[in-house]
Amino acid sequence: MNENLFASFITPMMFGLPLVTLIVLFPSLLFPTSNRLVNNRLISLQQWMLQLVSKQMMSILTPKGQTWALMLMSLILFIGSTNLLGLLPHSFTPTTQLSMNLGMAIPLWAGAVITGFRNKTKASLAHFLPQGTPTPLIPMLVIIETISLFIQPVALAVRLTANITAGHLLIHLIGGATLALMSINTTTALITFIILILLTVLEFAVAMIQAYVFTLLVSLYLHDNT
Amino acid sequence: SQDSKMASVVPLKEKKLLEVKLGELPSWILMRDFTPSGIAGAFQRGYYRYYNKYVNVKKGSIAGLSMVLAAYVFLNYCRSYKELKHERLRKYH
């Protein structure tokens, strides 16, 4: 059990060819585009959801920040759909790989921060010192704020990776426990099975929440900097 | 009888797969367009065939999406069969 517990997190290759590219591209198949006013049910549902999310998330941003709407909406769609597809049996979830999440978090965070430094230099630098701090504390506080700034992309990536990986591992473990307990004591197996069902419901919620949190935080960093 | 003779002389290249006779199958396969744009065209045709039949209809149901997800699960199972076959229920592993 120890070896195959982590086997589902290995990057899928087939005969040396990166299958992972196809898996990362697969969610795009599920979001068709259309130029019509009235579409089929799938596209109408997706458009309604996208409008709901974009209105809620982009309304707090300034007009300059709202130019990021396409980027942030693609981000939440990608992370949400990838996480949800990872809950299907035997599938591979790209967002469990720290490399991928760092690749998403660092450019977005850096873009927001550099935009802030270029366009509103004084206000961006002012973020490093909260209002009303006593004078002796200033050097230490600037250091702490700098560290807190530079940890933002790492925290974004690690948060997503850890949440999704932990959820998948728990499902594997509790599922294996249910299977092993069935021959020993059926009642306990039943209780474990109920725990598995509750966990799966939780994982569906976590999949969507993590996408939302990632995108929300990027939009907040953007709000600070535009 | 003249009409039936003319109707059977359709060039092999333009016949669809189900109209090709079994003896002509190897030559039909070799005549297909295996250039990158040909393969891309084949994928595009397949995608739109599925999309227009099951999704892009007035009252599309959950079956259109579910069949895609079922195929995805099946392909992932095939991909990881090598590791999964060790997890069969056996007395001794």
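## Ground rules

This is a predicted model, where local features need pLDDT of at least 70, side-chain atom pairs count only at pLDDT 80 or more, and totals for chains, interfaces and linings use all residues. Residues are numbered from 1 along each chain as its sequence is written, chains are lettered from A and ligands numbered from 1 in the order in which they are written, and side-chain values use heavy atoms, with hydrogens and water left out.

## The largest pocket

On a 1 Å grid over the protein atoms alone, a pocket is an open set of points with protein on both sides within 12 Å along at least five of seven lines, a cavity is a set where a 1.4 Å probe fits but cannot get out, and lining residues have an atom within 4 Å of a point. Volume here is the space filled by probe spheres set on the points, with points joined across faces, edges and corners.

The largest pocket comes out at about 1,600 Å³. Its lining counts 40 residues, and A:N4, A:H90, A:H172, B:L84 and B:E87 sit nearest the centre. Helix α7(A) is the top contributor to this lining, with nine residues (helices are DSSP runs of H or I, at least four residues, and strands are E runs of at least two, numbered from the N terminus).

## Two cavities

There are two cavities of 30 Å³ or more. The largest holds about 40 Å³, and its lining includes A:I23, A:F92 and B:Y72.

A nonpolar surface patch is made of A:L98, A:I143, A:I147, A:I151, A:V154 and A:V158, with about 510 Å² of accessible area together. To join such a patch, residues need over 30% relative accessible area and no salt bridge, with nonpolar side chains within 5 Å; a salt bridge is a Lys or Arg side-chain nitrogen within 4 Å of an Asp or Glu carboxyl oxygen. Areas come from Shrake-Rupley with a 1.4 Å probe. Five of the patch residues come from α7(A), and A:I151 is in that helix.

An unreviewed UniProt entry lists transmembrane regions in chain A, among them 137-158 and 170-198. Residues 137-158 are 95% helix, with end C-alpha atoms 30 Å apart. Residues 170-198 are 90% helix, with end C-alpha atoms 12 Å apart.

Technical notes. UniProt positions renumbered as here; feature names shortened; annotations may be inferred. Patch = residues over 30% accessible without salt bridge, like charges linked within 9 Å, V, L, I, M, F, W, Y side chains within 5 Å.
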